[in-house]
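Hello,

Here is the structure for you to look over. My notes on salt bridges and nonpolar cores follow.

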Amino acid sequence: MHRSIVRNTLFSSSAIEKMRSLPAEDGIYASLLEILTKFQDIKKFASEIHTEIHVIKPILKLLGLSYESKPKFFEEHIKEPDAVLFSSEEERFKSAQLWGTADYYAKALGILLLKRYGRNLQEGITGFFLEFENKIPTYQIAYLLKRSKTPWGILTNGRDWILIKRPLNYELRVLALDLETAMFDSDRDILHLFYKIFSLTGLTRTVPQILEEERDHLIELLKEKRALVQQSLQGARKKT
């Protein structure tokens with residue numbers, strides 16, 4: 001397993017292999033490396049705003065995602081996400097009339113939460129903030145996704161990029177990639193996976209198709225096992 005795959009409860013190993021076999025986008029990977037490399041000199045002193053301007057927004061542009069910054073959330077006393085992601089500028093403009101409503105989020109492709117570069121995304125913070133802001137970032141975005149009908153969430157500190165599928169119950173299906181480690185390791189496979197999964201094409205076509213194929217495969221396996229169990233039971237009855 002790659003060092004840069006920090007966590008994966010979203011895809012099977014066979015699904016990862018399928019995406020690794022997709023056509024390469026060498027120009028995109030070179031641009032990703034350029035963004036990350038340029039930021040290394042200031043990363044220790046970078047604020048959340050620096051991270052957003054110099055890392056996250058340029059990467060979102062490479063991924064082909066349109067975004068609306070600081071959209072109002074439809075529940076009171078809940079901090080809004082840092083951005084809502086759309087499949088195109090046209091979709092973003094069409095949804096503008098629904099600003100601040102549940103329908104606005106239902107039309108979005110994803111919700112984005114961003115943090116300062118390298119900040120631990122598994123821990124909360126303390127201080128004079130709203131209670132919601134004190135929570136662990138993965139909890140924050142899971143709550144926003146569960147309350148809305150937005151299919152995907154992206155949580156990032158510029159270094160780590162976490163894709164979260166909207167939870168239906170209490171499960172948390174996520175994929176977390178460490179792009180900085182991939183950069184230092186010259187791990188082209190991780191850059192390839194990142195683009196194939198997090199890009200517009202990935203979120204709208206590749207990932208849903210692969211997850212649907214895995215679901216269908218699992219259903220077929222369960223049917224086969226059920227048939228085998230029924231045959232065994234019938235055989236046992238005949239013997240008795």
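A salt bridge here is a side-chain nitrogen of Lys or Arg within 4 Å of a carboxyl oxygen of Asp or Glu. The model is predicted: local features need pLDDT of at least 70, side-chain atom pairs count only at pLDDT 80 or more, and totals for chains, interfaces and linings use all residues. Residues are numbered from 1 along each chain as its sequence is written, and side-chain values use heavy atoms, with hydrogens and water left out.

**Salt bridges**

The structure has 17 of them. K43, R159, D178 and E180 form a linked network. Within it, R159 and D178 meet at 2.9 Å, N to O. R159 sits in the loop between β5 (152–156) and β6 (160–165), and D178 in strand β7 (residues 174–178), so the pair ties together parts 19 residues apart in sequence. Strands (E, at least two residues) and helices (H or I, at least four) are DSSP runs, numbered from the N terminus. D178 is buried at 6% relative accessibility; R159 is partly exposed at 26%. Buried means under 20% relative accessible area, exposed over 50%, partly exposed in between (1.4 Å probe, protein chains only).

**Cores**

A nonpolar core is a set of buried Ala, Val, Leu, Ile, Met, Phe, Trp, Tyr and Cys residues joined through side-chain atoms within 4.5 Å. The largest has 45 residues; F11, I59, W161, F194, I197 and F198 touch the most other members. Helix α9 (residues 188–198) gives the most to this core, seven residues. I197 belongs to helix α9 and is buried at 0%.

Regards
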